[in-house]
Amino acid sequence: MMPAGHVHLMGIGGIHMSAIAVLLRGQGWRVSGCDLYPSRLTQRLQGMGIAVLTGHDPCHLEGVDMLVHTAAVRPDNPELTAARATGMPVLKRAEMVARLAQGKRVVAVAGCHGKTTTTSLVAYILWRAGLRPTFLLGGEMVGLETNVMAGDGPHFSRGWDWPSLAADEGLDWGGLSRAFEPLAQLPRPVVCAIGGECISAGLELALACDVRICSDDARFALPETGLGLIPLAGGIQRLARTVGRAWATYMVLTGQEIGAQEALALGLVSRVVPRARLLEEADAICQRIAQRGPLAVRYAKEAVQRGCEMPLEQALRYETDLTIILQTTQDRAEGVRAFLEKRPPRFTGT
C-alpha cells in the first residue's frame, strides 16, 4: 500500500465498501465516501468518524489522494470522470482488496453459491482460535455483528489463548475439540500458507487444511503435554495420519519443535519457500487447482479424506464409485473434447 493519505470511496454504503473503509481507517488513512442513499451501514461509518456524503459530485474530491469505486459506478459518472482528470489513482473495489491483501496470508473463497457462508465459517473458526484474522465478508457475521476485522502479526499462530480458556469456567470443551472440523469438511480444497510459528491450535488448524506450504522460517509444535493437557482440536489424530504414528507420538509426548525442512521431510508440508514468496506460491497453487475440473477436484479431495480412513479394498471401491459418477458429468465430456481439440477446457462444474 502507498503511504496513508485521504481515500474516497464511491458506493461506501455497500457491504464490501463499508468494510474496506473500516480497514483503511485502521491503517491510518483519512477516509470519506459517498452513496446515493443513507443506510444503517453509512450511519455506523459516520459514528466512527468517517465522512459520508449523499450523491455523487466532483466537489467531494477536494483534498482526496485516491478514489475507489464499485463496478456499479458508470464510467461517465461525473465524480469518477473528475477524479481521472486530476490524475489521482483510481481503483476498482477488487483492486483495493488486492492491495489490502498484499503481504498477508490469504484465503479466498469463490464459487456460485455459499461464498459468504463459507467465508464466515472460516473467519469465525480462526477468530475463536485466537488467530486474529483479517476478514472481509459479504454479510454481517452473527455473534460478531460485523463483516470486517483487521488482524496482524508475523506468525501463523502461536496457539490457544490459554489464560482466557483457563478463566472460562463454562467453556464447552467438546465444542472446542471440534473447532476445525467444519474447515476440514469443506468440499472445496483449502490451501494453507504458513509463516513463522505454527504452534498448538495453529498447527491443528493447518492440519485441517488440504495443502500446506510454509516459509523457510516456519516452526511447528504441539506443546500441550507441558501444560498437563493434550492437543484439543484434532491435532493428535490428524498429525498421526499426516506424518505417521512414530513422529506424531514423539512430537506430542515431548512437545518437540521442528523447522521447515524437517516438516517437509516428514510430509507435514508440501513445499518450503522463502518468506517473501510465500503468498505468491500459495496463490500459484490455488490457480493450478482452480484451472482443473471443479467436480473432479471435489471428488478427489473426498477420495483422499475418506479413503484414508477405510480398508484398502473398500477405499478402492469408493474411488471407483466416484469415477463412475464423474463419467456422467458435462465437465468430463468437456475435458475429453478439450484434449482432442488441443485447447484448455472450459469447465462449468456440472
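Reader: Where does Ser200 lie in this predicted model?

Author: In this predicted model, Ser200 lies in the loop between β9 (197–199) and α9 (201–207).

Reader: Why does Ser200 count as buried?

Author: Buried means under 20% relative accessible area. Ser200 has a relative accessibility of 1%, and therefore it counts as buried. Its phi is near 55°, a positive value in a residue other than glycine.

Reader: Where is Lys342 found, and what is its phi?

Author: Lys342 is found in the segment after α16 (330–341). Its phi is positive, about 55°, although Lys342 is not a glycine.

Reader: Why is Lys342 called exposed?

Author: The term exposed requires over 50% relative accessible area. Lys342 stands at 77%, so it counts as exposed.

Reader: How many disulfides does a search of the whole structure find?

Author: The search finds zero disulfides.

Reader: What makes Trp247 and Tyr250 an aromatic pair, and why is the pair called edge-to-face?

Author: Ring centres must lie within 6.5 Å for a pair, and planes over 60 degrees apart count as edge-to-face. For Trp247 and Tyr250 the values are 5.4 Å centre to centre and 90° between the planes, so the pair is edge-to-face. A search of the whole structure finds one aromatic pair.

Reader: Why are Trp247 and Tyr250 separated by about one helical turn?

Author: Both residues belong to helix α11 (residues 245–254) and are three residues apart, which means a separation of about one helical turn.

Reader: Is Ser32 buried or exposed, and how do you know?

Author: The relative accessible area of Ser32 is 7%, and therefore Ser32 is buried, given the limit of 20%. Ser32 lies in strand β2 (residues 30–35). Leaving aside neighbours within four places in sequence, Ser32 is in contact with residues including His6, Val7, Ile50 and Ala51.

Reader: How do helix α1 and helix α4 pack?

Author: Helix α1 (residues 15–26) and helix α4 (residues 93–101) pack at an angle of about 35°, and their axes are 11 Å apart. The contact is made by His16, Met17, Ile20, Leu23 and Leu24 of α1 together with Arg93, Met96, Val97 and Leu100 of α4. These residues divide into seven nonpolar, one polar and one charged.

Reader: What is the handedness of the crossing of α1 and α4?

Author: α1 passes α4 in a left-handed crossing.

Reader: How many helices and strands does the protein have, and what share of its residues is buried?

Author: The secondary structure comes to 16 helices and 13 strands. Buried residues make up 40% of the 350 residues in the protein.

Terms used:
Residues numbered from 1 in each chain as written. Predicted model: local features only at pLDDT ≥ 70, side-chain atom pairs only at ≥ 80, totals over all residues. Heavy atoms only, no water. Axes fitted to C-alpha atoms, helices over the stretch in contact; angles between N-to-C directions. Helix = DSSP H or I, 4+ residues; strand = E, 2+ residues; numbered from the N terminus. Left-handed = near helix turned anticlockwise from the far one by under 90°. Contact = heavy atoms within 4.5 Å. Nonpolar A, V, L, I, M, F, W, Y, C, P; charged D, E, K, R; others polar. Buried < 20%, exposed > 50% of the residue type's maximum accessible area, 1.4 Å probe, protein only. Phe/Tyr/Trp six-rings, centres within 6.5 Å; stacked < 30°, edge-to-face > 60°. Disulfide = S-S within 2.5 Å.
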